[in-house]
Amino acid sequence: MARVALEELTKRYAGGNLAVDRLNLDIADGEFVCLVGPSGCGKTTALRMIAGLEDITSGRVRIGEKVVNLLPPRDRDIALVFQSYALYPHMSVYDNMAFGLQLRKTPKPQIEKAVKEAARILDLERFLDRKPGQLSGGQRQRVALGRAIVREPAAFLMDEPLSNLDAKLRVQTRAEIARLHQRLEATMIYVTHDQVEAMTMADRIAVINEGLLQQVGTPKELYEQPHNRFVAGFIGSPSMNFVETASHRNGKAELQGEGVNVVLDDAQAARLRDRGLEAVVVGFRPEHLKVGEPGGPGLRVSARIDVVEFLGNDELIHAVSGGRDTVAIVEADARLAVGDTVSLWAEPRHVYLFDPQSEVSLGGA
Amino acid sequence: MSVAQAVAQPVAVSRRLAIRFRPSRVVLNVVLILVALFWMVPTISLLVISFRPEGLYGVSGWWTVFTEPSQLTLQNYQSLLGTGLGTGGILDSLITTALITVPATALVTVIASLAAYSLVFGKWRGRTAVFLVIVGLLVVPVQVALIPVAQLYHAFGNLTGFNPYGTLPGVVIFHVAFGLPFGIFLMRNFYTGIPKDLLEAGRIDGAGEWTLFRRVVLPLGVPAAASLAIFQFIWVWNDLLVGLVFLGGNAHHTLTIFLYSQTRTLAASYWVIATGAMISIIVPLAIFFAFQRYFVRGVLAGAVK
Amino acid sequence: MAVSALGRRLGLRRAVATPSPDLGTPAVGVGQMADVGRPPGGGWRSHLGSLAFLAPAAIWLLVIVAYPLIGTIRNSFYDNSSTQFVGLGNYKTIFSTADILVSFRNNVIWVVVFPFLVTFLGLVFAVLTERVRWATAFKTIIFMPIAFSATASALVWNSIMDVDPHVGMVNATLQTINDWFSPPGLYPVNTGAGQTLSELASTGLGAGANGTLVSKAPVSPGQSVQLGMLGISPATLQLVGAQKAVIPASASGAVTGLVWRDFSPTNPTARGRVFADEDGIAGLRVTLLSSSGNSVGSTTTDAHGDFTFSGVSPGAYRVQLDSSNFSSGFTGIYWLSGTQNIDPTSGLNQTAQALLSIPLVDLSMIIAYLWIWAGFAMVIIGAGLAALNREVLEAARIDGANEWQTFRRVTMPMLAPVLVVVFVTMVINVLKIFDIILNMAPSVSQANTLATSLYNLGFASSPPANGLASAIAVILFVLVVPVIYINLRRIR
């Protein structure tokens, strides 16, 4: 096991397309880090550069203390779990897992021990003689994991390994991977576009958009203190509501947007004044909205209920004011019906302010 | 490891990799170029010989044309084409070949498409079994059917007065029959890729089978039909055996028979062969270049699937 | 229910009005629409419709392919006019006729040699062109010969493999290489016309060791010797710049001599005397041999045919005309004649010998056929290569395999199905091989295969031997049946 460090890692393709832009990331030994972001953001490219499957335009990748830029994949001591599993179709499960060790001329008894152990961990013992074509999707995925485990690499790299599984299997396998991580205490770098996976599995998450790193932090940090509008909108499901507001010009520290009224507390007002901003983008999470109209600083929304989705304990409400849609999750209440006008509010600490131009967050909530 | 060592290391590796990389790529390209040149030599030799005067054959090699380009002449082509449309001449053979190839190709394409439609979209039992039988017929050699079909033709002639043996239609009929297994195989495989929902919607709207075939499946199947047609065309155009057998004593020859008969005359004048061969390959070559993609797809469909 | 967009495109008008969708009843009026693809009411009609489509193909195949197959099987058990039942007689004849057995042998050679070579070549090309930018152009060039008729291709290769080095490129190249290492002499022996070296010796000369001519009588210093030759063409002498023969004077301590053409137009039958109109043989390399046979010195005859060896110690010597003067150079290998074979070691009877030797013409034709079909193999294998899952190869890289290991242990096994397809297709192709043999080796009985024998017996001999030809056809078919089985399994 080892730490992995990315220093100013950059990938520029021949046509000029900048896929990864000066990525800096430090992954500690034994840490589970997720690279997350929308499709095409560069996360998979970054992972493949760590693996050695893509050339590095500039910057460095360190595994352990060694700079591995020019090493071929086989010398980097990493294992990669592909999205499509990439199992050898003509080899049995046993041979699939043993292949890497066979190439390194590991003695047979040792290979057998390693493969059988990995098969035991992953509950694959019954399938050792079968070919990949005879296995289900979930079983194949475990074989891909087994192939990686057997190598005992310095770092595990995983490229969206769950995206080919159905919803139920995905939840199950998520837990298995998390368990695997605890058990092996291995360094794992996990790429996904699904922020739920990232939030549930990772020690730390790196959010990437258009090749640029947006923020690195624990799930809690990203959730509670997003650095910019992108991270705020990406993390959390359903995603954060955003509204453009402007200062109310009535002397008070108040913002007015479409159907939304915000009374700022002192700290927030100070931050606005410091930056000399008259307009600002306000963000608030659906789960932080409550029904009611208390006084004092905070955010208020008055809107007409359009759709009510019953979730059991809670209800998900789409409400419209002006041309804007607000999403809220509140405790289930039979009194809320489509067509009613409802008043929702949120505490100041749940109100996020973003610079309208740079989209950077104006300080902690 | 000191900083200096750490920095020096990547550079050393990079130089090693670079040197190992380049020679193999250059060697590869050189080898491939040589192979390509070698491959073109036979065609080029034929081309050059057809443009050289007959007297030079056997005296000096065709490769001397590179040092003495003045020896090139059009007289061979003039002689051959100058015989005009007379029976047994090369233009007559060209027309004969076309008269056989075009109908054979058209018939195979249409009949195979119809059959494939039935095999894919029909609702009768046993479609798979019939398809397998047809595919099985793919490997029946043409030789197996030659004698009985000739006998059949004669018998048919005794019955109706028209004996297909020795006539162009007789050859066409045979070619169509042996082109059908491959044609049906190709079209059927393509048709399975057409969503059945499309026809269901059409049926609900009131379309009959013939309408569905003519206005939905056939237009969608044009790529496969094109591949089939081109493949068939070249196959029939270049055939020798079927023509030899079923044209029998017919004064009109196909191009391949024309060329073959040259080898059997005692004073084999190679200039006739070379020029005739060049003329015979112009049409398939033109089609090959114009429709290469379709031709390759036809080949792939036949073998890989 | 309105007509769907598809229906409108098909030109259908609206069907009878039906209940609204709210009630959930199906919007189909039974019996009010032309053809519905499901029973009841429309089922049997569409049944018939699509079956009718199959009819033309079915009838065609039955009449021209299926029925004749049975007809041929039947014919094989009848005599050559198809009227008298002979049971297995035809088959017995086939297996005891040397010519037909030779055809078998050739088919075996083709089947054993060709599919392997063509698949291998196709694989090599497909792999090599993977990394090259101009791969498409290369593939087009290699693939192009398929568009030619086998007839035209055969004729091209006929010319290339012609025995005359002035026509055939192969022999021309061999000649250039051969002549570089052992160039022909000024006076080559025309072995092609059956000439032998000893015919060149006339007066005072006899055949020596290793293709030389040696003076018959011994010669001593101070003597002059006259050596006469025949069979040298005046044209050659003129080319070399020879002039009239001059008898040299003798000199003490030296051996002098004349080599001349012992033919005088004015005295055509006189031998042994040097006439005024006889030519000296110039440029001939002569060596003086001691009595023990060792070389004492060499020189070349001048334009008059004279030579001198000076400073010769007393003794008996012989004059040798070196073999290099007479070496014929390269005359051409008979690639297509069928007379040159690769024979097994002796000790077998004639039939076995014939059956086990490999005629050079077979190999020549295989080369020509490779030229035609390597592109086919390359294209198919190339497509198979391109369809391989790239990520599996990357997984191999990560697992630690180098290029060769990846190729051997991952790429090749995954490519195996495609290779089998190509191989099997080529086996079928080669079993039926006909055009190329007919045109490259038209009267070479050594080169026949089953298909050409069939044609010769059934259509090129009079009267046509229907029974024998049909029996051969049946054998051909039987050989091909296992392939049907493989094909069917693949489709499933």
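This passage walks through a predicted model of a complex, from confidence to chain contacts and then to local helix and strand geometry. Residues are numbered from 1 along each chain as its sequence is written, while chains are lettered from A and ligands numbered from 1 in the order in which they are written. Since the model is predicted, local features need pLDDT of at least 70 and side-chain atom pairs count only at pLDDT 80 or more, whereas totals for chains, interfaces and linings use all residues.

The predictor gives the complex an ipTM of 0.80, together with a pTM of 0.77. Residues 14-42 of chain C have a pLDDT below 50, and beyond near neighbours in sequence they have 39 contacts in the model. Within chain C, confidence is lowest in helix α1 (residues 5-9), at a mean of 59, and highest in helix α11 (residues 390-399), at 91. Here and below, helices (H or I, at least four residues) and strands (E, at least two) are DSSP runs, numbered from the N terminus.

Next come the contacts between chains. Chain B contributes 88 residues to its contact with chain C, and chain C contributes 89. On the chain B side, the largest share comes from helix α1 (residues 3-50) of chain B, with 10 residues. That side of chain B has 63 nonpolar, 18 polar and 7 charged residues; Ala, Val, Leu, Ile, Met, Phe, Trp, Tyr, Cys and Pro count as nonpolar, Asp, Glu, Lys and Arg as charged, and the others, Gly among them, as polar. Chain C also touches chain A, through 14 residues of chain C and 17 residues of chain A. On the chain C side, α11 and α12 (403-431) each supply at least two residues, and α11(C) gives the most, with 7 residues. By class, this side of chain C has 7 nonpolar, 3 polar and 4 charged residues.

Two helix pairs illustrate the packing within chains. In chain B, the axes of helix α4 (residues 127-137) and helix α6 (residues 168-191) come within 8 Å and cross at roughly 130°, where axes are lines fitted to C-alpha atoms, for helices over the stretch in contact, and angles run from 0 to 180 degrees between N-to-C directions. This angle makes α4(B) oblique to α6(B); angles under 35 degrees count as roughly parallel, over 145 as roughly antiparallel, 65 to 115 as roughly perpendicular and the rest as oblique. Phe131(B), Ile134(B), Val135(B) and Leu137(B) of α4(B) meet Pro181(B), Ile184(B), Phe185(B) and Arg188(B) of α6(B). That contact has 7 nonpolar, no polar and 1 charged residues.

In chain A, the axes of helix α2 (residues 93-103) and helix α3 (residues 108-121) come within 10 Å and cross at roughly 135°, which makes α2(A) oblique to α3(A). Tyr94(A), Met97(A), Ala98(A), Leu101(A) and Gln102(A) in α2(A) meet Ile111(A), Ala114(A), Val115(A) and Ala118(A) in α3(A). Of the residues in this contact, 8 are nonpolar, 1 is polar and none is charged.

Finally, the strands. Chain A holds an open sheet of 6 strands in the order β6-β7-β8-β3-β9-β10, with mixed pairing; two strands pair if DSSP finds at least two bridges between them. At the edges stand β6 (78-81) and β10 (212-217) of chain A, each with a single partner strand, so one side of each is left without a neighbour in the sheet. The twist averages 15° from one strand to the next. Strands β7 (residues 155-159) and β8 (residues 187-192) of chain A pair in the parallel sense over 5 bridges, and Asp159(A) stands opposite Val191(A) in β8(A). By contrast, strand β9 (residues 204-209) of chain A runs antiparallel to β10(A), joined by 5 bridges. In their hairpin, which has 2 residues between the strands, Glu210(A) takes a positive phi near 50°.

Note on methods:
pLDDT is the predictor's confidence in each residue, from 0 to 100. Two residues are in contact if their C-beta atoms, placed from the backbone, lie within 7 Å.
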